[in-house]
Amino acid sequence: MSALQSERTWISPVGTTPLSADGKPKILMCPPDYFTVEYAINPWMENIAPCDEALAKRQWENLYNAIIKEAGAEVLLMPPVQGLPDLVFTANAAFVYNDTAVIAHYKYPERRGEEPYCVEWFNKHGFKVVEMPDSVFFEGAGDALTWNDRVFAGYKTRTDIASHNLLTAATGLPVLSMELTDPRFYHIDVCMCPLADGHLIYSPAAFDEYGNAVIEANVPPEKRIPVTPEEASKFACNSVNVFDTVIFNEGSHRLADELKQRGFKVVQVDLSEFLKSGGSSKCLTLRVA
Amino acid sequence: MDGLSTSVARCGQTVEFKGHLIDSLTLSKIADQILRADGYYELNDIRVGTRQKDFSSVSMTVFAENETRLKDLMETLKPYGAIPAGSANAETVRVAQDGVAPDTAFTLKMPKRVFVEGQWLTLQDGESLFLKILAEQGAVRPVKASDLRQGDRLVSGSMGIEWS
């Protein structure tokens, strides 16, 4: 048990969901059986080497094992679907809080085929399913991160700001609307990551002066963990946090050291094949309990 | 707010915003975007949510030098949630008790007092006015609180209202 773990009562970022009965944290993942990079809907997908699908499967399994063995969470699986390569990025499927799952409505038609499968999964698992109107785009927990009693929610690149009102109406959570100003950081979960005990990893360069002022007004200085643009480019902000364990892509050694100093246990997993698609560990997971 | 000379030719459009405008600094950003584009704005109405999870709403008329610049400015404001007045339904609220306006009812701004030669003079019969919807007549009428009757439907919020 680390110093961090011994001092704190863990608060689930998703509240009490229909899957919370046994008290064990649960994460939704989707095996990469059909994962490949076959279209370009973000800057990371352009002009890159082909995806090594066998390697991607091994990397996904390493992440799966780290979540179970290192972080102590249970992993639930969404069945993969042929022709929907990005279904593997379950973070985008929905925003979950208490008994409600606000389902994604994707900006790009390439991903809209995922929506009915997400609706089906959350219905089947006892959630109250809320869907966005046709005219309002919202990309799930990729663009909405619960921090303490509020939500940092991204908009402009993929998600419409209008969805933030519906998010509050569906969950009762206040939302801080954060404009994403760098097209490389197209979801807020690639430039920000709330951690246990109110810590917040974020890339100041990914937000404008207003966004940084909002972070500074809400998050106490001692809880802020800013990363450099280089670290953010290695998807350092796209981390999975369960209890005191933080899992992220390999290569951000300074951040790893800082997190260890703050009492976190750090696990780095090579996710190079998923980076070609603009995603990393957080994008491959969705906390559902 | 009328930062620029009104003598320049101007085109205006009334737009509305609703959401987490204050804590997210979205309203500040909207105002700055307008001024940086050499436009200006007049606030018609602003309602600030009283709790963190409450929405705020704003109606403003945005002005630019000509139609083209106004159109560009509207495109700039769209991602921040700008809705042209008239494209979103006004919200309404029912009167629960005769003579008592619900807290959320829209109130017409009327002067209460006028400062004349060093002293405040109070407007006689300075009751607030509310907008009562007369659906059968296809009209909206300003009414005093004392004339409200249980079940009357009043405009609330600030969306769906066009300002002159």
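This is a predicted model: local features need pLDDT of at least 70, side-chain atom pairs count only at pLDDT 80 or more; totals for chains, interfaces and linings use all residues.
Me: Let us begin with chain B. How many helices and strands does it have?

Reply: Chain B has 2 helices and 11 strands. From the N terminus on, the order of its elements is β-α-β-β-α-β-β-β-β-β-β-β-β.

Me: What box do its C-alpha atoms fill, and what share of its residues count as buried?

Reply: Along the principal axes, the C-alpha atoms of chain B fill a box of roughly 50 × 45 × 35 Å. Chain B has 164 residues, and 37% of them count as buried. Of the contacts in chain B between residues at least 6 apart in sequence, 65% join residues at least 24 apart.

Me: What does Lys29(B) pair with in a salt bridge?

Reply: Lys29(B) forms a salt bridge with Glu179(A), in which the closest N and O atoms are 2.7 Å apart.

Me: Now chain A. Which residues of helix α6 are buried?

Reply: Helix α6 of chain A covers residues 209-218, and its buried residues are Tyr210(A), Gly211(A), Asn212(A), Val214(A), Ile215(A) and Asn218(A).

Me: What is found at the start of α6(A)?

Reply: There, a side-chain oxygen of Asp208(A) reaches to within 3.1 Å of the backbone nitrogen of Tyr210(A).

Me: On to the aromatics. How many aromatic pairs are there over all chains?

Reply: The count comes to 10 aromatic pairs. One of them joins Trp60(A) and Tyr64(A), which are stacked at 5.4 Å centre to centre with 25° between the planes.

Me: Where do Trp60(A) and Tyr64(A) lie?

Reply: Both lie in helix α2 (residues 53-70) of chain A, 4 residues apart, or about one turn of the helix. An α-helix has 3.6 residues a turn, so residues three or four places apart point the same way. Trp60(A) is buried because its relative accessible area is 6%, under the 20% cut-off. Tyr64(A) counts as partly exposed, at 23% relative accessibility.

Me: How are Trp147(A) and Phe152(A) arranged?

Reply: Trp147(A) and Phe152(A) form a tilted aromatic pair, 6.0 Å centre to centre and with 55° between the planes. Trp147(A) is buried at 3% relative accessible area, and Phe152(A) is buried at 0%. Elsewhere, Phe35(A), Phe89(A) and Phe274(A) form one aromatic cluster.

Me: What about Asn241(A): is it buried or exposed?

Reply: Asn241(A) is buried, because its relative accessible area of 17% falls under 20%. This residue lies in strand β12 (residues 240-242) of chain A.

Me: Which backbone atoms lie by a polar atom of its side chain?

Reply: The backbone nitrogen of Ala196(A) is 2.7 Å from a polar atom of the Asn241(A) side chain. The backbone oxygen of Thr245(A) is 3.0 Å from a polar atom of that side chain. Leaving aside residues up to four places away in sequence, Asn241(A) touches Pro194(A), Leu195(A), Ala196(A), Val246(A), Phe264(A) and Arg287(A).

Me: Finally, where does Thr159(A) lie, and what is its relative accessible area?

Reply: Thr159(A) lies in the loop between β7 (150-155) and α5 (162-171) of chain A. It is buried, with a relative accessible area of 0%.

Me: Which side chain does Thr159(A) join in a polar contact?

Reply: The side chain of Thr159(A) makes a polar contact of 2.7 Å with the side chain of Asp143(A). Not counting residues up to four places away in sequence, Thr159(A) touches Phe137(A), Phe138(A), Glu139(A), Asp143(A), Gly154(A) and His164(A).

Key: Residues are numbered from 1 along each chain as its sequence is written. Chains are lettered from A and ligands numbered from 1 in the order in which they are written. Side-chain values use heavy atoms; hydrogens and water are left out. A salt bridge is a side-chain nitrogen of Lys or Arg within 4 Å of a carboxyl oxygen of Asp or Glu. Buried means under 20% relative accessible area, exposed over 50%, partly exposed in between (1.4 Å probe, protein chains only). A polar contact is a pair of N or O atoms within 3.5 Å; within protein, one must be able to donate a hydrogen and the other to accept it, and residues adjacent in sequence count only if both atoms are side-chain atoms. Rings of Phe, Tyr and Trp (its six-membered ring) pair if their centres lie within 6.5 Å; planes under 30 degrees apart count as stacked, over 60 as edge-to-face and the rest as tilted. Contact means heavy atoms within 4.5 Å.
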